Amino acid sequence: MPIEQDQSEYGLLDRLFIYKDKLIANSRFQNTVAKIPFLRRIAKKRANQLFDVMVGFVYSQILLACIRLNLFNHLKNGPLTLEAIKNKCGLEQAPLKQLLDAAVSIDLLEIRSNQKFGLGKLGAPLVENSALAAMIEHHTVLYEDLRDPLLLLSGKLKNKKLEKFWPYVSNDLEDQESLKDQDRVKGYSDLMSTSLPLVADQVVSAYDFSKHRCLLDVGGGQGTFLKRVHLQSPRLERMLFDLPGVVNLAAENFLANSEDQSIKVFGGDFFKDDLPSGADLITLIRVIFDHDDERVKILLKSIFKALPTGGKLLIAEPMAETPEHPPMGHAYFGFYLMAMGRGRPRTVEEISHLALHVGFKNIDILHSDMPINAQVLLLST
């Protein structure tokens, strides 16, 4: 017999919720509700939501297969027959048909006239979307670490794939030394550069960079964000600070375009080295959620020191408790960063508290059209 928990410690509202939970968990109640017209709609909706959570990994693998077959780009000019898709993809007809039917069922594709397959409402945004495609492919590394979630949560998972992918989170001296090597940092730096438009477009839409004289992008990778800002504010001076191996990649990249050759690059460790002075605006784009609070304080202090009076710091990244997208923070990024081995998703309030602690003030939340990609904060010295 199960032991009944003493409910005297709970208030009235808690006891009502406990009663509701027990009622919903009762199979006889579930069967009864399923027969009542009004309540049946609610029951079906909840059942469908739970099913989608349960099989979400299968959905993600269907999406990955479509990406690897370049399926959405093949359909960008119009729907195709099964045979035409087979000729483009090289997959045998029977398994291809199974994949296409599965993609239709989750709105990645649609059945059009004459039994042709066209882009669905969720597949169309993936046409020539290299940023999302790169992240979808990258998730294969994350899923290796999530194979046994309790092992990951317990901290007993050894040789995490994601931790190896991001070498700067390692405490191993050999890994730290390798950050000076372009080949060692190229994999993650390329991913950051390719996926950055998901965030960069939100930031540029949220803020007018032309009011500033000089921008320093800290952790700026291969300069993708600085190039995007240049389209909006071509007179803005630009500087980039990142790890030595990364800035060497960036410097080589800038040689290909005369407009980018004016970007000044600085290599170093922003937890140990001073940041270059001269900028009246500093940006942190998808940087601080990679690090624990103490490291973030060190970085914010260094930025505060590098900025002049009245200077601005702009922080943009996905954040916890994002309006309308709560699972994105604690669920997705919470587990991603745990597998990575460092950092955590933070709320706007938590980031503001860290910034105020080192001296920043006048923290504003800027409007973001797609907060699921990034929320944007502006801080003043």
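Predicted model: local features only at pLDDT ≥ 70, side-chain atom pairs only at ≥ 80, totals over all residues.
Leaving aside neighbours within four places in sequence, I found Leu 300 in contact with Leu 284, Leu 313, Ile 315, Leu 354, Ala 355, Val 358 and Phe 360.

I then turned to the largest nonpolar core, which has 30 residues. Leu 300 is one of the members that touch the most others, along with Ile 282, Leu 284, Leu 299, Ile 303, Leu 313 and Ile 315. I listed the elements that give two or more residues to this core: strands 3 (214–218), 4 (237–242), 6 (281–285), 7 (312–317) and 9 (375–380), with helices 16 (293–306) and 18 (348–357). Helix 16 supplies the largest share, 5 residues.

Next entry: helix 8 against helix 17. I noted that helix 8 (residues 130–145) packs on helix 17 at an angle of about 65°, the axes being 10 Å apart. The crossing is left-handed. On the helix 8 side I recorded Met 135, His 138, His 139, Leu 142 and Asp 145, and on the helix 17 side Tyr 332, Phe 335, Tyr 336 and Ala 339. By type, I have 6 nonpolar, 2 polar and 1 charged in this contact.

Last, I checked Gly 334, which sits in helix 17 (residues 326–340).

Definitions and conventions. Residues numbered from 1 in each chain as written. Heavy atoms only, no water. Helix = DSSP H or I, 4+ residues; strand = E, 2+ residues; numbered from the N terminus. Core = buried A, V, L, I, M, F, W, Y, C linked by side-chain atoms within 4.5 Å. Buried < 20%, exposed > 50% of the residue type's maximum accessible area, 1.4 Å probe, protein only. Contact = heavy atoms within 4.5 Å. Axes fitted to C-alpha atoms, helices over the stretch in contact; angles between N-to-C directions. Left-handed = near helix turned anticlockwise from the far one by under 90°. Nonpolar A, V, L, I, M, F, W, Y, C, P; charged D, E, K, R; others polar.
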